[in-house]
Structures are given as C-alpha cells and as structure tokens.
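Take a look at the chain below before reading on.

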Amino acid sequence: MLFHHIEDDDAIWDLVAGRSDEEVLTALDGKPALMHLEGDLPGPHRMISVMLHGNEDSGLRGLLAWLRDKPRPTHPLWLFIGNVRAATEDGWFAHRYLPDQEDFNRVWGIHPVSTRMRRCAAEVLEIVTAHPLEAAIDVHNNTGDNPLYAIVPRPLEETYALAGAVSDVGLLWGTQEFTLMQALEPYCPAIAVECGMAGVPEHGDLAKGVIERFVAMRHVDPTMPRPPHLFEVRYRVEVRPEVAFDFVDDLDPDELDFAIVPGLDRNNFGMLLAGVPIGKILPGSDLPLVVTDVDGNDETERLFDVRADGTVVTSEDMVPAMMTRTHLQTRRDCLFYVVRRRPEAGGKPWA
Ligand SMILES: [Zn+2]
C-alpha cells in the first residue's frame, strides 16, 4: 500500500489518543494517511488535507488536536495527511519534500502517472471523488510572517464564501498546476489556507480554529460573506539569480552582493510606503531585483530604485504578501509578491 486508508472512526481515535503529534507520525511509518470520519449526515463529504509539504507542521498539529476531542461532525469528512516521510527523516519537519521525491502539491491529476507519489495522488483522488464532495481545504504554512489567509483559486461566489467562512483575509491567486486544490476544482469549492509560519505552536492553534470553522459551516452558500479583506496578486519580486544575498543589516561587499533588510516580512498584507529601504548594494551596481507583472511584463524600474549610497528603496506604495525570510524559498519561488485590494471587495483597508 502506498498510503494508509483508515475508514473506521475507532481506528482514528486509537491512532491519535495518548500519542504526541510526532508519535502519530512515527506510527504512520513513512506513509501518507487517508482517513474517513463519519458525520451525522450521510453526505456530501468535505475534505481536509494537511502537511502536503513535510516541513509545514501547523495543519497536522491542528488536525490532531481537533481529533483528540473525538468530534462528531455534521458532514462526513475525508482527512489526508500528506508527506509523512519528509516530515520524519533527518529530524522532525525538516523537509518540504525529500531529494528522491516530487513536491506532493504538484502531483495531483498529473500524467504520466509514473511515480509512487503520483499513483498515491491518483488513488486518493479516485476514493474521495467517488461520492459527492461539498468543499475542501488544504492547510499550509508560509516561510515568512503573514496573517492567516485563504488562497482563492477562482473568483466564484461559492469559493469566496468558503474562504470567508474560515479566514478574514482572502487572496485571489490563479491555481498552480497539479495542486490538490486544482484537482478538486471540478468537484467542489477548494481553497488553500495559510496558517502563518511553521514551527510556531500558536499557528497549530490557528489551524485547529480553521478546521473547527470549516466543519461547523452548515452549507457552502454563495450568499455567505466573502473575506472582508480580499486581495489579488499583481507582481512577483525576485532576486536576480546571479546575485548573492542574505537577510542582514549591513552589506559586506566582499561576501555579498545584496543585503536585504531583515524583518520586512512583518509588513505582509500591510503596506510598504514609497521610499522604504529594502536593502543595500554596492553604489553603482544595478538593481538586484526583477519584478514581473501577472502578464509577464518587466516592471522593475517602476517599483524599485537605488539611491546614490546603494540603498534599494521602493518607488511606490505597495502591499507585500508572502514575503519570505529564507534564502531557500527566495530562490525556489521569489522574495515576495505585491498584491492589491480587489476593487469590488469593499471593507476597510487592511493596513
Ligand atoms: Zn505548503
């Protein structure tokens, strides 16, 4: 078996009772787990997935804490615990995915089904979509300081309603290819929920709250309120690939090309005003950042500038989001995104 398939509520209680979160992972012995929890109604089902990325612990901790209370939900639930191997090798929660694995959030609905992980994803999808699905949430963590927010992959009223039921902040962001949420889109509204940074105990509590609100939702009704703070992605800000950088206050030009101001991620979903220092480069060097808009146009010169002393500054007011504080994530994805409030969203500015 590529994954545990636990269909019996008692087996779920046996798995979680009297075990720490880490002991539950040990009991899963390197394999993902698909669990089915009975509801008072026969259907439709809802789905909660956690830890598709092995280094993102908050969803797992929130889910296990919630299960230890032996809940009896109204709707039956599919629960999926993703990359257990990556979460248990080389220490706890050390890897997003292992060197011999694919990203577990990029294997859903992909062809050819040529790897164990893709087969696992295909079999799980087949099981959970065999009966009507009403809604799904996929719980993640960020690598920078962000408020709790829901990623809304499609601007549909029922998806906004689902996001609004679990979070005050929504981010409209086209679905990434071969994510679980994309694979579920034909079946039900599906969102990713980002519960702050991994490894912070309070963020496990945040995830538990999300799960409780998701389960308590009576229906997914398109007339339910959207998140009061609704944003959409405008730009992606990358560090040029040839530029050596770190998150440090001072630039040592013998060691680094770009010193990025530490702690800028505190401004995620807040505001960076025009003229705010982002970092330092050697005077006379070119801008170390590249900015691309959603259509792929280069907007670097519009958003950033360099002062004579080498300070890199913002040249217009901007709302950053998903800004990371890690080197790895900056290289793997980007330094941050620039978002803007959805014009029709109403409500008061977040910042
Ligand atoms: Zn993730």
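## Overall build

This is a predicted model. The protein holds ten helices and 17 strands. Its C-alpha atoms fill a box of roughly 65 × 45 × 40 Å, taken along the principal axes.

How does the radius of gyration of the protein fit that of a compact globule, and why? With 351 residues, such a globule would have a radius of gyration near 20 Å. The protein has 21 Å, so the two agree.

Buried residues make up 43% of the 351 residues. Now take the contacts with a separation of 6 or more: residues 24 or more positions apart account for 73% of them.

## Two domains

The protein is divided into domain 1, residues 4-227, and domain 2, residues 234-339. Their centres, taken over C-alpha atoms, are separated by 32 Å.

How many residues of each domain are in contact with the other? Nine residues of domain 1 are in contact with twelve residues of domain 2. On the side of domain 1 that touches domain 2, four residues are nonpolar, four are polar and one is charged.

## Helix α8

Helix α8 covers residues 201-216. Its length can be checked with a simple rule. At 1.5 Å a residue, its 16 residues should span 22 Å. The end C-alpha atoms are 23 Å apart, so the span agrees with the rule.

Which residues of α8 are buried? They are H203, G204, L206, A207, K208, V210, I211 and F214. An α-helix has 3.6 residues a turn, so residues three or four places apart point the same way. Look for that spacing in the list of buried residues.

What covers the buried residues of α8? The cover includes strands β3 (45-50), β5 (133-142) and β8 (190-197). It also includes helices α3 (58-68) and α6 (157-166).

Strand β12 spans residues 277-280 and pairs with strand β11, residues 258-260. This pairing is antiparallel and runs over two bridges. Within it, I260 stands opposite G279 in β12.

β12 also pairs with strand β15, residues 311-314. In what sense do β12 and β15 pair, and over how many bridges? The sense is antiparallel, and there are three bridges. Here K280 stands opposite T311 in β15.

Terms used. Residues numbered from 1 in each chain as written. Predicted model: local features only at pLDDT ≥ 70, side-chain atom pairs only at ≥ 80, totals over all residues. Pairing = 2+ DSSP bridges. Helix = DSSP H or I, 4+ residues; strand = E, 2+ residues; numbered from the N terminus. Domains from an automatic or database assignment. Contact = placed C-beta atoms within 7 Å. Nonpolar A, V, L, I, M, F, W, Y, C, P; charged D, E, K, R; others polar. Rg over C-alpha atoms; globule rule 2.2 N^0.38 Å. Buried ≥ 20, exposed ≤ 12 C-beta atoms within 10 Å, placed from the backbone. Expected span 1.5 Å × (residues − 1).
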